[in-house]
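Welcome to a guided look at a protein model. Take a moment with the sequence and the structure below, and then we can walk through some of its parts together.

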Amino acid sequence: MKSVFRIIGGVMVVSFIVGIILLVNYYFSWMSDLKSDLQLVDDEQKKTLGKAMGKLMIMICVEITLGFLAFLFFLLGGRDSTQIVSFSNNQGNQYSSDQGGVDNITKSHTSVKSIQEVGAILEQHFDLQHKKMEKVLWTVANDLEAVQGAIFLTKQKESDLKIIELFAGYAYYLPESKVLTYEFGEGLAGQVAKDGRLVNISSIPEGYISVISGLGKSSPTNLILVPIKNEQEKVLGVIEIASFQSFNQKDELFLKEVALLLANEIETNKITA
């Protein structure tokens, strides 16, 4: 459907340009015919008419230009405010549906190597589990050229209340005394935990996420959230990655593979928030 709209839009732009050319050509032909019909022989009369027609032509060109610029800026403004959200919902068991996921990533893609690096990190011994997760986030962020990342783990707060709690972060500004939690269904991370579906968002609102560095404060424009699920499709946590670049299908496959490795790590070592 998008390709059809692009073709129609291209035809309309070409028609608009051709129409302007024909209009200018017709204007000069019309002016000559008008002089001939009025039988103007005096040079001063011709100059006076020419000036009047010139002013009229300038006004027409200005109006056409303003209309074109208004249309252009309208399109650009609509593009900036557009929010593209894609959902990925695998049918059946996540392990079986993603089997061979690494093979679906081009061999030359750096993600293949990064997946191996994540696996190697998880096999290492760390005194603190959240430090291991932070190193995983660093590897993921480096692969995706991301500027911020977080890993949330599921926590049973009450009998019927499930939450996810921030367990590890990369360039994530949060005071040590503060604990960040979301109920299942609350916010984007909580909704991903509830639905168990990957969410890929482009053109997120300005200020929704902030990255603070020595160069100042900036806001990433793209966000991807991936559920961490075990073989029984139980959500054990959520990976959240923010970037100034959009995430493609290979990035989604890469993060799904990372989520599988994390799910196995969480269950094997009984990691909790």
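Asn 200 has a relative accessible area of 6%, and because buried means under 20%, Asn 200 counts as buried. Please keep in mind as you look around that this is a predicted model. Asn 200 sits in strand 5, which spans residues 198–202. What about the rest of that strand, buried or exposed? Strand 5 is mostly covered, with five of its five residues buried. Its side chains point two ways: Leu 198, Asn 200 and Ser 202 go one way, while Val 199 and Ile 201 go the other.

**Strands and their partners**

Strand 5 has a partner in strand 8 (residues 222–229): the two run antiparallel and are joined by four bridges. Within this pair, Val 199 has Leu 225 as its bridge partner. Elsewhere, strand 2 and strand 3 form a hairpin, with five residues between them. Strand 3 goes on to pair with strand 4 as well, again in the antiparallel sense. The table sets these pairings side by side.

| Strand pair | Bridges | Direction |
|---|---|---|
| Strand 5 and strand 8 | four bridges | antiparallel |
| Strand 2 and strand 3 | eight bridges | antiparallel |
| Strand 3 and strand 4 | three bridges | antiparallel |

Gln 156 has Lys 162 in strand 3 as its bridge partner, and Glu 165 stands opposite Thr 181 in strand 4.

**A helix with a buried face**

Helix 6 covers residues 187–195, and its buried residues are Ala 189, Gly 190, Val 192 and Ala 193. Looking down the axis of helix 6, you find these buried residues within an arc of 160°, so they line one face of the helix. In general, an α-helix has 3.6 residues a turn, so residues three or four places apart point the same way. What do the buried residues of helix 6 pack against? They pack against strand 2, strand 3, strand 4, strand 5, strand 8 and strand 9. Just after helix 6 comes Gly 196, with a positive phi of about 70°.

**Two helices side by side**

Helix 5 (residues 129–144) and helix 7 (residues 249–268) pack with their axes 12 Å apart, at an angle of about 170°. Because angles over 145 degrees count as roughly antiparallel, helix 5 is roughly antiparallel to helix 7. Among the residues that meet here are Met 133, Val 136 and Val 140 from helix 5, and Phe 254, Leu 255 and Val 258 from helix 7. The residues of this contact divide into nine nonpolar, one polar and four charged.

Two residues to look for are Glu 145 and Lys 270. Glu 145, in the loop between helix 5 and strand 2, has a positive phi of about 55° although it is not a glycine. Lys 270, in the segment after helix 7, has a positive phi of about 50° and is not a glycine either. Lys 270 counts as exposed, at 69% relative accessibility.

**The chain as a whole**

Stepping back, the protein chain contains seven helices and nine strands. Of its 273 residues, 34% count as buried. Among the contacts with a separation of 6 or more, 57% come from residues 24 or more positions apart.

Note on methods. Residues are numbered from 1 along each chain as its sequence is written. This is a predicted model: local features need pLDDT of at least 70, side-chain atom pairs count only at pLDDT 80 or more; totals for chains, interfaces and linings use all residues. Side-chain values use heavy atoms; hydrogens and water are left out. Buried means under 20% relative accessible area, exposed over 50%, partly exposed in between (1.4 Å probe, protein chains only). Two strands pair if DSSP finds at least two bridges between them. Axes are lines fitted to C-alpha atoms, for helices over the stretch in contact, and angles run from 0 to 180 degrees between N-to-C directions. Angles under 35 degrees count as roughly parallel, over 145 as roughly antiparallel, 65 to 115 as roughly perpendicular and the rest as oblique. Contact means heavy atoms within 4.5 Å. Ala, Val, Leu, Ile, Met, Phe, Trp, Tyr, Cys and Pro count as nonpolar, Asp, Glu, Lys and Arg as charged, and the others, Gly among them, as polar. The arc is that of the directions from the helix axis to the C-beta atoms.
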